[in-house]
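The following exercises are meant to be worked through with the sequence and the model side by side. Try each task before reading its solution.

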Amino acid sequence: MATATARDLATFKQRVDEVVHRHPVVVVNDYTRWFAAGDASTGDVRHLTVQFSVFSHLFVEAQLRKVINAESLESYRAGKEILMNELGVVFNRARAEGGTSDDALDPELVATEGTVDGGRFRFGAAHFEWLLRFAKPLGLEFGELGKRRHGTPSTLFFCDELMRLYGSEDPSTAEGASYAVEHWAAAGFWKELIAGLESFKSKECADLPLAFWTWHDKVEDQHAAHTDDELVEVYGEPWFDEERFLAGAADMLDGVKAFWDGLWRDKQQGVTR
Ligand SMILES: [Fe+2]
């Protein structure tokens, strides 16, 4: 990379970090902060589970769209890694010696690194199926989870923004949204949810499997590092547009914020399931 471009990238990276790291949803998330304290009721956890299931299921649609709209074979494949893994192709790297094939179904044991190329598809390894197993002890069945009709307006706003921005046909917008999503996800909301769920589990629901949440927490740091590398790569591309990248990132985080603010409003208004 030419020195001038490297300097431009460093300046741009500062602007990106300001947008992402100063966004209200990254700075303070009232819902997850409250949830982490461990005072959620069964109804609160059920409501979170249903809304989260809608987001994580419809995310698959946005991920497919991102793949279809990919600007290069490399980013097409990077998107496919996430898409196929989400659907149940286990990363092709054994995590422990002596594991059995059923380990592939348990997110506690499933690899968080590697590639889906040559990996095995298992129905039970789909992230949505992990969430179904989490939801079962809460009394939530397949038909109550993951469908658009189960989403509140703020959840659906978030899902629609994912389709519009993360799956955008404009590569700068899509890259900005992707960068924002991964950096938000790596900023700690999984850990806050896990803290609250561990407390709920010990008080109310001993057989609640938390691996859906812990697996995602483990994987996030790599995703964020990956989008950092990706920014370096795409920055020099002729199609790259700084302003559209920043707008994609900012709008995407507004969508994320709408999701959590919706849950927080529901909490305060006593909306549970
Ligand atoms: Fe997932």
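**Exercise 1. Placing two residues**

Solution. The model is a predicted one, in which local features need pLDDT of at least 70 and side-chain atom pairs count only at pLDDT 80 or more, whereas totals for chains, interfaces and linings use all residues. Residues are numbered from 1 along each chain as its sequence is written, and side-chain values use heavy atoms, with hydrogens and water left out.

Step 1. Buried means under 20% relative accessible area, exposed means over 50%, and partly exposed is in between, with a 1.4 Å probe and protein chains only.

**Exercise 2. The chain as a whole**

Determine how many helices and strands the protein chain has, and compare its radius of gyration with the globule rule.

Solution. Step 1. The protein chain contains 10 helices and 0 strands. Its radius of gyration is 19 Å, close to the 19 Å that the globule rule gives for 273 residues, so the chain is as compact as a globular protein of that length. The radius is taken over C-alpha atoms, and the rule is 2.2 Å times the number of residues to the power 0.38.

Step 1. The C-alpha trace spans about 60 × 50 × 30 Å along its principal axes, and 50% of the 273 residues count as buried.

**Exercise 3. Salt bridges**

Which residue forms a salt bridge with Asp251, and which parts of the chain does the pair tie together?

Solution. Step 1. A salt bridge is a side-chain nitrogen of Lys or Arg within 4 Å of a carboxyl oxygen of Asp or Glu, and a search of the whole structure finds 13 of them.

Step 1. Asp251 pairs with Arg164, the closest N and O atoms being 3.6 Å apart. Because Asp251 lies in helix α10 (residues 242-268) and Arg164 in helix α7 (residues 153-166), the pair ties together parts that are 87 residues apart in sequence. Asp251 is partly exposed at 29% relative accessibility, and Arg164 is partly exposed at 45%.

Step 2. Lys136 forms a salt bridge with Glu141, with the closest N and O atoms 3.5 Å apart; Lys136 is exposed, at 53%, whereas Glu141 is partly exposed, at 40%. In the pair of Arg244 and Asp241 the corresponding distance is 3.9 Å.

Step 3. Arg15, Glu242 and Glu243 are linked in a network of salt bridges.

Note on methods: Helices (H or I, at least four residues) and strands (E, at least two) are DSSP runs, numbered from the N terminus.
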